[in-house]
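Have the viewer open and try each task before reading on.

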Amino acid sequence: MRRRTFTAACLGTTLALAGCGGSGDAKTGGPATSSSGPEQTAKSVPGGAGGDVGVFTWWAAGSEKAGLEALQKLFKEKYSKDTFVNLAVAGGAGSNAKAKLSTDLQNGNPPDSFQGHAGAELTDYIRKGQIVPVNDVFKTLGGESVFPKDLLDRLTVKGNIYSVPSNIHRANVVWTNLDVLKKAGVNGTPKDIDAWISDMKKVKSSGVSTPLGIGGSWTQVQLLETVLLSDLGTDGYSGLFTGDTKWDSDGVKKAVAHFKTLLTYANTASDGDDWPPATDMVIAGKAAYNVMGDWAVAEFTSKNKKDGKDYGYFPVPGTDGTFDFLADSFTLPKGAKNPAGAKDWLSLVGSAEGQKAFNMAKGSIPARTDVAPDDFPKYQQSAMKSFKDDKIASSIAHGAAVNQAWLSDITTAVSKFYGSKDGATLVKDLAAAAQKNAR
Ligand code: GAL
(Lines give C-alpha, C1' and ligand atoms only; values in the text may rest on other atoms or scores of the structure.)
Protein backbone atom coordinates (compact mmCIF):
# COMPACT_ATOMS: atom_id res chain seq x y z
CA MET A 1 0.00 0.00 0.00
CA ARG A 2 1.47 3.28 -1.07
CA ARG A 3 1.43 6.26 1.19
CA ARG A 4 0.34 9.35 -0.65
CA THR A 5 0.86 13.04 -0.30
CA PHE A 6 -2.50 14.82 -0.40
CA THR A 7 -1.98 18.17 1.15
CA ALA A 8 -4.66 20.81 0.77
CA ALA A 9 -5.07 24.28 1.99
CA CYS A 10 -7.14 23.85 5.05
CA LEU A 11 -4.17 24.63 7.25
CA GLY A 12 -4.70 26.83 10.22
CA THR A 13 -8.43 27.15 9.74
CA THR A 14 -10.41 27.69 12.89
CA LEU A 15 -12.56 24.72 11.99
CA ALA A 16 -11.21 21.35 12.98
CA LEU A 17 -10.85 20.22 9.42
CA ALA A 18 -10.16 16.55 9.37
CA GLY A 19 -7.53 15.32 6.99
CA CYS A 20 -5.70 18.58 6.29
CA GLY A 21 -2.35 17.34 5.11
CA GLY A 22 -3.46 13.82 5.79
CA SER A 23 -2.52 10.77 3.82
CA GLY A 24 -4.16 7.47 3.15
CA ASP A 25 -4.98 4.99 0.44
CA ALA A 26 -7.34 6.14 -2.24
CA LYS A 27 -7.79 2.74 -3.84
CA THR A 28 -9.15 0.95 -0.87
CA GLY A 29 -10.78 3.93 0.77
CA GLY A 30 -9.46 3.09 4.21
CA PRO A 31 -11.50 3.99 7.27
CA ALA A 32 -12.06 7.72 7.65
CA THR A 33 -11.52 8.27 11.33
CA SER A 34 -13.09 11.69 11.04
CA SER A 35 -16.51 10.67 9.80
CA SER A 36 -18.07 9.30 12.95
CA GLY A 37 -21.06 11.60 12.58
CA PRO A 38 -24.72 10.86 13.30
CA GLU A 39 -25.59 7.22 12.71
CA GLN A 40 -28.91 7.65 10.98
CA THR A 41 -29.48 6.39 7.45
CA ALA A 42 -31.42 8.16 4.71
CA LYS A 43 -34.97 6.91 4.31
CA SER A 44 -35.74 6.34 0.69
CA VAL A 45 -39.28 6.60 -0.56
CA PRO A 46 -40.07 4.70 -3.79
CA GLY A 47 -40.17 7.23 -6.63
CA GLY A 48 -38.76 9.95 -4.42
CA ALA A 49 -40.11 12.56 -2.05
CA GLY A 50 -41.93 14.53 -4.74
CA GLY A 51 -41.88 18.22 -5.62
CA ASP A 52 -39.39 20.45 -7.40
CA VAL A 53 -35.70 19.83 -6.80
CA GLY A 54 -33.69 22.89 -7.83
CA VAL A 55 -30.08 21.97 -8.64
CA PHE A 56 -27.51 24.73 -9.10
CA THR A 57 -24.36 24.12 -11.20
CA TRP A 58 -22.29 25.83 -13.87
CA TRP A 59 -22.69 22.94 -16.26
CA ALA A 60 -24.74 24.85 -18.78
CA ALA A 61 -23.10 24.16 -22.12
CA GLY A 62 -21.35 21.58 -24.27
CA SER A 63 -19.85 18.50 -22.70
CA GLU A 64 -20.54 19.77 -19.18
CA LYS A 65 -24.24 20.07 -19.94
CA ALA A 66 -24.12 16.55 -21.39
CA GLY A 67 -22.80 15.24 -18.07
CA LEU A 68 -25.54 16.96 -16.12
CA GLU A 69 -28.15 15.69 -18.55
CA ALA A 70 -26.96 12.13 -18.05
CA LEU A 71 -27.64 12.53 -14.33
CA GLN A 72 -30.91 14.30 -14.94
CA LYS A 73 -32.15 11.45 -17.13
CA LEU A 74 -31.34 8.86 -14.49
CA PHE A 75 -32.90 11.03 -11.78
CA LYS A 76 -36.14 11.09 -13.73
CA GLU A 77 -36.09 7.30 -14.04
CA LYS A 78 -35.28 6.61 -10.39
CA TYR A 79 -37.19 9.40 -8.70
CA SER A 80 -40.23 9.79 -10.92
CA LYS A 81 -42.17 11.77 -8.31
CA ASP A 82 -39.48 14.48 -8.20
CA THR A 83 -39.14 17.25 -10.76
CA PHE A 84 -35.58 18.27 -11.58
CA VAL A 85 -35.26 22.03 -11.95
CA ASN A 86 -32.09 23.03 -13.74
CA LEU A 87 -30.66 26.21 -12.16
CA ALA A 88 -27.34 26.13 -14.08
CA VAL A 89 -25.52 29.42 -14.68
CA ALA A 90 -23.10 29.33 -17.63
CA GLY A 91 -19.37 30.04 -17.24
CA GLY A 92 -16.56 27.54 -16.73
CA ALA A 93 -15.14 27.00 -13.23
CA GLY A 94 -18.19 28.78 -11.82
CA SER A 95 -16.82 32.12 -13.03
CA ASN A 96 -20.35 33.60 -13.09
CA ALA A 97 -22.23 31.02 -11.04
CA LYS A 98 -20.38 31.45 -7.77
CA ALA A 99 -21.29 35.14 -7.45
CA LYS A 100 -24.98 34.40 -8.08
CA LEU A 101 -24.89 31.52 -5.62
CA SER A 102 -23.26 33.66 -2.97
CA THR A 103 -26.00 36.31 -3.31
CA ASP A 104 -28.76 33.69 -3.20
CA LEU A 105 -27.28 32.08 -0.09
CA GLN A 106 -26.84 35.43 1.63
CA ASN A 107 -30.43 36.36 0.83
CA GLY A 108 -31.74 33.12 2.29
CA ASN A 109 -32.80 31.89 -1.12
CA PRO A 110 -30.78 28.69 -1.54
CA PRO A 111 -31.30 26.10 -4.25
CA ASP A 112 -32.12 22.57 -3.04
CA SER A 113 -28.59 21.48 -3.87
CA PHE A 114 -25.53 23.16 -5.36
CA GLN A 115 -22.20 22.16 -6.84
CA GLY A 116 -19.19 22.85 -4.65
CA HIS A 117 -15.54 21.83 -4.81
CA ALA A 118 -14.17 19.43 -2.23
CA GLY A 119 -11.56 21.06 -0.02
CA ALA A 120 -11.06 24.70 0.87
CA GLU A 121 -14.03 25.97 -1.16
CA LEU A 122 -16.46 23.76 0.75
CA THR A 123 -15.14 25.04 4.05
CA ASP A 124 -16.31 28.55 3.08
CA TYR A 125 -19.92 27.36 3.03
CA ILE A 126 -19.47 25.37 6.22
CA ARG A 127 -17.87 28.28 8.03
CA LYS A 128 -20.77 30.52 7.06
CA GLY A 129 -23.30 27.91 8.18
CA GLN A 130 -24.80 27.75 4.69
CA ILE A 131 -24.82 23.98 4.28
CA VAL A 132 -25.79 21.13 6.60
CA PRO A 133 -24.27 17.67 7.08
CA VAL A 134 -25.42 14.80 4.87
CA ASN A 135 -24.11 11.94 7.00
CA ASP A 136 -27.29 9.92 6.53
CA VAL A 137 -27.14 9.98 2.72
CA PHE A 138 -23.44 9.29 2.77
CA LYS A 139 -23.89 6.29 5.04
CA THR A 140 -26.64 4.82 2.89
CA LEU A 141 -24.41 5.19 -0.16
CA GLY A 142 -21.82 2.91 1.41
CA GLY A 143 -19.75 5.55 3.17
CA GLU A 144 -16.14 4.93 3.89
CA SER A 145 -16.10 1.58 2.17
CA VAL A 146 -16.81 3.09 -1.28
CA PHE A 147 -15.34 6.62 -1.19
CA PRO A 148 -11.59 7.24 -0.89
CA LYS A 149 -10.48 8.47 2.50
CA ASP A 150 -8.39 11.26 1.02
CA LEU A 151 -11.46 12.65 -0.68
CA LEU A 152 -13.71 12.21 2.33
CA ASP A 153 -11.27 14.17 4.41
CA ARG A 154 -11.99 17.11 2.14
CA LEU A 155 -15.72 16.84 2.74
CA THR A 156 -15.57 16.30 6.48
CA VAL A 157 -15.51 18.82 9.29
CA LYS A 158 -15.68 17.86 12.94
CA GLY A 159 -16.87 14.38 12.05
CA ASN A 160 -19.64 15.52 9.71
CA ILE A 161 -19.74 14.93 5.97
CA TYR A 162 -20.96 18.03 4.15
CA SER A 163 -21.41 16.95 0.56
CA VAL A 164 -21.67 13.99 -1.77
CA PRO A 165 -18.88 13.82 -4.38
CA SER A 166 -19.89 13.26 -7.98
CA ASN A 167 -16.49 12.97 -9.63
CA ILE A 168 -12.76 13.61 -9.58
CA HIS A 169 -11.04 15.74 -12.24
CA ARG A 170 -7.38 16.20 -13.07
CA ALA A 171 -6.13 19.73 -13.78
CA ASN A 172 -2.52 19.18 -14.97
CA VAL A 173 -3.17 17.84 -18.45
CA VAL A 174 -1.80 19.16 -21.75
CA TRP A 175 -4.13 18.34 -24.65
CA THR A 176 -2.46 18.21 -28.06
CA ASN A 177 -3.25 18.19 -31.76
CA LEU A 178 -1.21 15.25 -33.06
CA ASP A 179 -1.25 16.40 -36.66
CA VAL A 180 0.08 19.86 -35.78
CA LEU A 181 2.87 18.33 -33.72
CA LYS A 182 3.80 15.89 -36.46
CA LYS A 183 4.00 18.65 -39.06
CA ALA A 184 6.21 20.67 -36.70
CA GLY A 185 8.52 17.69 -36.21
CA VAL A 186 7.81 17.49 -32.48
CA ASN A 187 8.25 13.98 -31.10
CA GLY A 188 8.00 12.60 -27.60
CA THR A 189 6.92 14.30 -24.42
CA PRO A 190 8.89 17.27 -23.07
CA LYS A 191 10.43 16.54 -19.68
CA ASP A 192 10.13 20.02 -18.22
CA ILE A 193 8.83 23.50 -19.01
CA ASP A 194 12.03 24.56 -20.82
CA ALA A 195 11.84 21.54 -23.12
CA TRP A 196 8.17 22.31 -23.72
CA ILE A 197 9.00 25.90 -24.68
CA SER A 198 11.57 24.56 -27.18
CA ASP A 199 8.81 22.44 -28.73
CA MET A 200 6.56 25.50 -28.89
CA LYS A 201 9.25 27.29 -30.85
CA LYS A 202 9.23 24.46 -33.38
CA VAL A 203 5.45 24.61 -33.66
CA LYS A 204 5.58 28.35 -34.20
CA SER A 205 8.26 27.97 -36.87
CA SER A 206 6.03 25.48 -38.66
CA GLY A 207 3.46 28.25 -39.18
CA VAL A 208 1.12 27.93 -36.18
CA SER A 209 1.33 31.41 -34.67
CA THR A 210 -0.31 30.50 -31.34
CA PRO A 211 1.04 27.09 -30.26
CA LEU A 212 -0.71 27.40 -26.88
CA GLY A 213 -4.47 27.90 -26.64
CA ILE A 214 -5.63 29.83 -23.57
CA GLY A 215 -8.91 31.23 -22.30
CA GLY A 216 -9.74 33.92 -19.73
CA SER A 217 -8.40 34.53 -16.24
CA TRP A 218 -9.35 31.29 -14.52
CA THR A 219 -7.78 29.19 -17.28
CA GLN A 220 -4.58 31.24 -16.82
CA VAL A 221 -4.69 30.64 -13.07
CA GLN A 222 -4.92 26.94 -13.85
CA LEU A 223 -1.99 27.17 -16.26
CA LEU A 224 0.06 29.01 -13.63
CA GLU A 225 -0.80 26.43 -10.96
CA THR A 226 0.50 23.63 -13.15
CA VAL A 227 3.73 25.54 -13.88
CA LEU A 228 4.16 26.11 -10.13
CA LEU A 229 3.65 22.39 -9.63
CA SER A 230 6.27 21.65 -12.26
CA ASP A 231 8.88 24.07 -10.96
CA LEU A 232 8.35 23.53 -7.22
CA GLY A 233 7.63 19.79 -7.25
CA THR A 234 4.63 18.34 -5.44
CA ASP A 235 5.86 18.95 -1.91
CA GLY A 236 7.09 22.45 -2.68
CA TYR A 237 3.78 23.27 -4.35
CA SER A 238 1.73 21.87 -1.46
CA GLY A 239 3.89 23.93 0.88
CA LEU A 240 2.45 27.09 -0.68
CA PHE A 241 -0.72 26.38 1.28
CA THR A 242 0.86 25.34 4.55
CA GLY A 243 3.35 28.19 4.76
CA ASP A 244 6.29 25.84 4.14
CA THR A 245 6.95 27.35 0.71
CA LYS A 246 7.13 31.11 0.42
CA TRP A 247 5.18 32.74 -2.39
CA ASP A 248 8.16 34.99 -3.13
CA SER A 249 10.69 32.13 -3.16
CA ASP A 250 13.05 31.51 -6.08
CA GLY A 251 10.91 28.57 -7.20
CA VAL A 252 7.83 30.78 -7.54
CA LYS A 253 9.89 33.43 -9.36
CA LYS A 254 11.12 30.77 -11.78
CA ALA A 255 7.55 29.58 -12.38
CA VAL A 256 6.33 33.12 -12.99
CA ALA A 257 9.14 33.65 -15.52
CA HIS A 258 8.14 30.41 -17.27
CA PHE A 259 4.48 31.45 -17.19
CA LYS A 260 5.41 34.75 -18.83
CA THR A 261 7.33 32.98 -21.60
CA LEU A 262 4.49 30.50 -22.17
CA LEU A 263 2.05 33.36 -22.66
CA THR A 264 4.21 34.70 -25.51
CA TYR A 265 3.21 31.55 -27.40
CA ALA A 266 -0.51 31.93 -26.68
CA ASN A 267 -3.46 33.60 -28.34
CA THR A 268 -4.86 36.85 -26.99
CA ALA A 269 -7.64 36.31 -24.48
CA SER A 270 -10.05 38.47 -22.52
CA ASP A 271 -10.72 37.92 -18.82
CA GLY A 272 -14.13 36.34 -19.33
CA ASP A 273 -13.22 33.97 -22.18
CA ASP A 274 -14.41 30.46 -21.39
CA TRP A 275 -12.49 27.20 -21.80
CA PRO A 276 -14.19 25.52 -24.83
CA PRO A 277 -12.83 28.01 -27.41
CA ALA A 278 -9.29 27.41 -26.07
CA THR A 279 -9.67 23.63 -26.36
CA ASP A 280 -11.34 24.07 -29.73
CA MET A 281 -8.21 25.85 -30.98
CA VAL A 282 -6.40 22.53 -30.54
CA ILE A 283 -9.24 20.65 -32.17
CA ALA A 284 -9.13 23.03 -35.17
CA GLY A 285 -5.33 22.91 -35.45
CA LYS A 286 -4.99 26.61 -34.55
CA ALA A 287 -2.96 25.61 -31.50
CA ALA A 288 -0.89 22.55 -30.67
CA TYR A 289 -1.49 22.63 -26.91
CA ASN A 290 -4.09 23.53 -24.30
CA VAL A 291 -3.65 23.02 -20.57
CA MET A 292 -7.10 22.12 -19.37
CA GLY A 293 -8.79 19.92 -16.83
CA ASP A 294 -9.91 16.58 -18.14
CA TRP A 295 -13.42 17.85 -18.81
CA ALA A 296 -11.66 18.70 -22.13
CA VAL A 297 -11.69 15.06 -23.21
CA ALA A 298 -15.48 15.25 -23.47
CA GLU A 299 -15.09 18.26 -25.77
CA PHE A 300 -12.83 16.23 -28.12
CA THR A 301 -15.32 13.37 -28.05
CA SER A 302 -18.26 15.66 -28.75
CA LYS A 303 -16.42 16.90 -31.86
CA ASN A 304 -15.84 13.30 -32.99
CA LYS A 305 -12.10 13.46 -32.43
CA LYS A 306 -10.28 10.23 -31.70
CA ASP A 307 -7.87 9.60 -28.86
CA GLY A 308 -4.40 8.76 -30.23
CA LYS A 309 -5.36 9.61 -33.81
CA ASP A 310 -6.49 13.23 -33.64
CA TYR A 311 -5.51 14.25 -30.14
CA GLY A 312 -3.07 13.26 -27.44
CA TYR A 313 -2.41 14.25 -23.83
CA PHE A 314 0.31 14.22 -21.24
CA PRO A 315 0.84 15.63 -17.76
CA VAL A 316 2.08 19.22 -17.82
CA PRO A 317 5.85 18.80 -18.35
CA GLY A 318 7.62 18.25 -15.05
CA THR A 319 4.46 17.06 -13.27
CA ASP A 320 4.40 13.43 -14.37
CA GLY A 321 3.61 11.28 -11.32
CA THR A 322 1.43 13.96 -9.74
CA PHE A 323 -2.34 14.19 -10.06
CA ASP A 324 -3.46 17.82 -9.70
CA PHE A 325 -6.77 17.09 -8.07
CA LEU A 326 -10.21 18.63 -7.85
CA ALA A 327 -13.59 17.11 -7.16
CA ASP A 328 -17.13 18.33 -7.63
CA SER A 329 -19.63 17.53 -4.95
CA PHE A 330 -23.24 18.34 -4.12
CA THR A 331 -24.52 19.94 -0.95
CA LEU A 332 -27.67 20.30 1.10
CA PRO A 333 -28.06 24.03 1.79
CA LYS A 334 -29.53 25.23 5.05
CA GLY A 335 -33.10 26.36 4.38
CA ALA A 336 -33.49 24.32 1.16
CA LYS A 337 -37.18 24.25 0.25
CA ASN A 338 -37.22 20.55 -0.55
CA PRO A 339 -34.58 18.83 1.59
CA ALA A 340 -36.10 15.39 1.05
CA GLY A 341 -36.00 15.90 -2.72
CA ALA A 342 -32.45 17.21 -2.40
CA LYS A 343 -31.50 13.98 -0.63
CA ASP A 344 -32.96 12.02 -3.53
CA TRP A 345 -30.64 14.02 -5.80
CA LEU A 346 -27.65 13.40 -3.54
CA SER A 347 -28.46 9.70 -3.40
CA LEU A 348 -28.49 9.54 -7.18
CA VAL A 349 -25.28 11.55 -7.57
CA GLY A 350 -23.44 9.30 -5.13
CA SER A 351 -24.76 5.99 -6.46
CA ALA A 352 -22.55 3.75 -8.60
CA GLU A 353 -25.03 4.03 -11.45
CA GLY A 354 -25.16 7.82 -11.24
CA GLN A 355 -21.37 8.08 -11.12
CA LYS A 356 -20.94 5.87 -14.14
CA ALA A 357 -23.47 7.78 -16.25
CA PHE A 358 -22.13 11.17 -15.24
CA ASN A 359 -18.42 10.51 -15.50
CA MET A 360 -18.60 8.68 -18.82
CA ALA A 361 -20.05 11.88 -20.28
CA LYS A 362 -18.01 14.40 -18.29
CA GLY A 363 -14.43 13.16 -18.76
CA SER A 364 -13.88 12.84 -15.03
CA ILE A 365 -13.46 9.64 -13.02
CA PRO A 366 -15.91 8.31 -10.46
CA ALA A 367 -15.36 9.40 -6.89
CA ARG A 368 -16.55 5.94 -5.83
CA THR A 369 -13.95 3.22 -5.85
CA ASP A 370 -16.39 0.44 -6.79
CA VAL A 371 -17.16 1.54 -10.37
CA ALA A 372 -15.28 -0.73 -12.78
CA PRO A 373 -12.89 1.09 -15.14
CA ASP A 374 -13.47 -1.34 -18.03
CA ASP A 375 -16.36 0.48 -19.67
CA PHE A 376 -14.65 3.85 -19.56
CA PRO A 377 -12.72 5.35 -22.49
CA LYS A 378 -8.93 5.03 -22.59
CA TYR A 379 -8.24 8.50 -21.18
CA GLN A 380 -10.38 7.96 -18.09
CA GLN A 381 -8.85 4.55 -17.50
CA SER A 382 -5.43 6.21 -17.47
CA ALA A 383 -6.69 8.91 -15.09
CA MET A 384 -8.07 6.26 -12.72
CA LYS A 385 -4.68 4.61 -12.65
CA SER A 386 -2.89 7.90 -12.04
CA PHE A 387 -5.23 8.85 -9.23
CA LYS A 388 -4.48 5.52 -7.61
CA ASP A 389 -0.70 5.58 -8.11
CA ASP A 390 0.38 9.22 -8.23
CA LYS A 391 1.07 11.84 -5.62
CA ILE A 392 -1.88 14.14 -5.20
CA ALA A 393 -1.75 17.93 -5.33
CA SER A 394 -4.74 20.22 -4.80
CA SER A 395 -5.92 22.56 -7.54
CA ILE A 396 -5.84 26.31 -6.89
CA ALA A 397 -8.21 27.30 -9.70
CA HIS A 398 -10.87 24.77 -8.69
CA GLY A 399 -11.38 25.21 -4.99
CA ALA A 400 -9.32 22.36 -3.59
CA ALA A 401 -6.29 24.29 -2.33
CA VAL A 402 -7.51 27.79 -1.50
CA ASN A 403 -10.79 29.28 -0.37
CA GLN A 404 -12.83 31.66 -2.50
CA ALA A 405 -11.39 34.91 -1.15
CA TRP A 406 -7.83 33.71 -1.73
CA LEU A 407 -8.65 32.43 -5.20
CA SER A 408 -10.29 35.73 -6.04
CA ASP A 409 -7.11 37.62 -5.06
CA ILE A 410 -4.94 35.21 -7.09
CA THR A 411 -7.22 35.63 -10.09
CA THR A 412 -7.06 39.43 -9.84
CA ALA A 413 -3.25 39.25 -9.66
CA VAL A 414 -3.06 36.97 -12.72
CA SER A 415 -5.45 39.14 -14.68
CA LYS A 416 -3.37 42.22 -13.84
CA PHE A 417 -0.23 40.36 -14.93
CA TYR A 418 -1.85 39.42 -18.22
CA GLY A 419 -2.04 43.14 -18.98
CA SER A 420 1.30 44.27 -17.54
CA LYS A 421 3.52 41.18 -17.96
CA ASP A 422 5.29 42.45 -14.86
CA GLY A 423 6.57 39.28 -13.17
CA ALA A 424 7.95 41.00 -10.06
CA THR A 425 4.56 42.54 -9.35
CA LEU A 426 2.82 39.20 -9.87
CA VAL A 427 5.11 37.56 -7.31
CA LYS A 428 4.47 40.44 -4.90
CA ASP A 429 0.70 40.21 -5.43
CA LEU A 430 0.70 36.43 -4.95
CA ALA A 431 2.68 36.78 -1.73
CA ALA A 432 0.28 39.48 -0.52
CA ALA A 433 -2.72 37.29 -1.35
CA ALA A 434 -1.24 34.46 0.73
CA GLN A 435 -0.42 36.81 3.58
CA LYS A 436 -3.98 38.12 3.60
CA ASN A 437 -5.87 34.86 3.18
CA ALA A 438 -3.85 31.93 4.53
CA ARG A 439 -5.27 30.76 7.84
C1 GAL B 1 -14.46 23.07 -12.66
C2 GAL B 1 -15.44 21.98 -12.35
C3 GAL B 1 -15.49 21.02 -13.48
C4 GAL B 1 -15.70 21.74 -14.79
C5 GAL B 1 -14.78 22.93 -14.94
C6 GAL B 1 -15.00 23.80 -16.15
O7 GAL B 1 -14.40 24.02 -11.62
O8 GAL B 1 -15.04 21.33 -11.19
O9 GAL B 1 -16.48 20.08 -13.25
O10 GAL B 1 -17.01 22.09 -14.87
O11 GAL B 1 -14.85 23.75 -13.82
O12 GAL B 1 -16.19 24.47 -16.07
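**Exercise 1: The largest pocket**

Task: Sort the residues of the lining of the largest pocket into nonpolar, polar and charged.

Solution. The lining of the largest pocket holds eight nonpolar, twelve polar and six charged residues. Here Ala, Val, Leu, Ile, Met, Phe, Trp, Tyr, Cys and Pro count as nonpolar, Asp, Glu, Lys and Arg as charged, and the others, Gly among them, as polar.

Before going on, a note on the model: it is predicted, local features need pLDDT of at least 70, side-chain atom pairs count only at pLDDT 80 or more, and totals for chains, interfaces and linings use all residues. Residues are numbered from 1 along each chain as its sequence is written, and side-chain values use heavy atoms, with hydrogens and water left out.

Next, locate the pocket. Its lining has 26 residues, and G94, S95, K98, Q404 and L407 lie nearest the centre. At least two lining residues come from each of α2 (97-106), α3 (120-127), α8 (217-239) and α15 (404-420); helices (H or I, at least four residues) and strands (E, at least two) are DSSP runs, numbered from the N terminus.

Finally, the space in this pocket is about 590 Å³. On a 1 Å grid over the protein atoms alone, a pocket is an open set with protein on both sides within 12 Å along at least five of seven lines, a cavity is a set of points where a 1.4 Å probe fits but cannot get out, and lining residues have an atom within 4 Å of a point. Grid points are joined across faces, edges and corners, and a volume is the space filled by probe spheres set on the points.

**Exercise 2: The second largest cavity**

Task: Which residues are closest to the centre of the second largest cavity?

Solution. Start with the volume, about 80 Å³. Of the 15 lining residues, W58, E64, A93, W295 and H398 are closest to the centre. Two or more lining residues come from each of β3 (113-117) and β11 (322-330). By class, this lining has seven nonpolar, five polar and three charged residues.

**Exercise 3: Ligand contacts**

Task: What distances separate the ligand oxygen atoms from E64, A93 and H117?

Solution. Take the side chains to begin with: a polar atom of E64 lies 2.4 Å from a ligand oxygen, and an N or O atom of H117 is 2.8 Å from one. For A93, a backbone N or O atom lies 2.9 Å from a ligand oxygen.

Conventions
A polar contact is a pair of N or O atoms within 3.5 Å; within protein, one must be able to donate a hydrogen and the other to accept it, and residues adjacent in sequence count only if both atoms are side-chain atoms.
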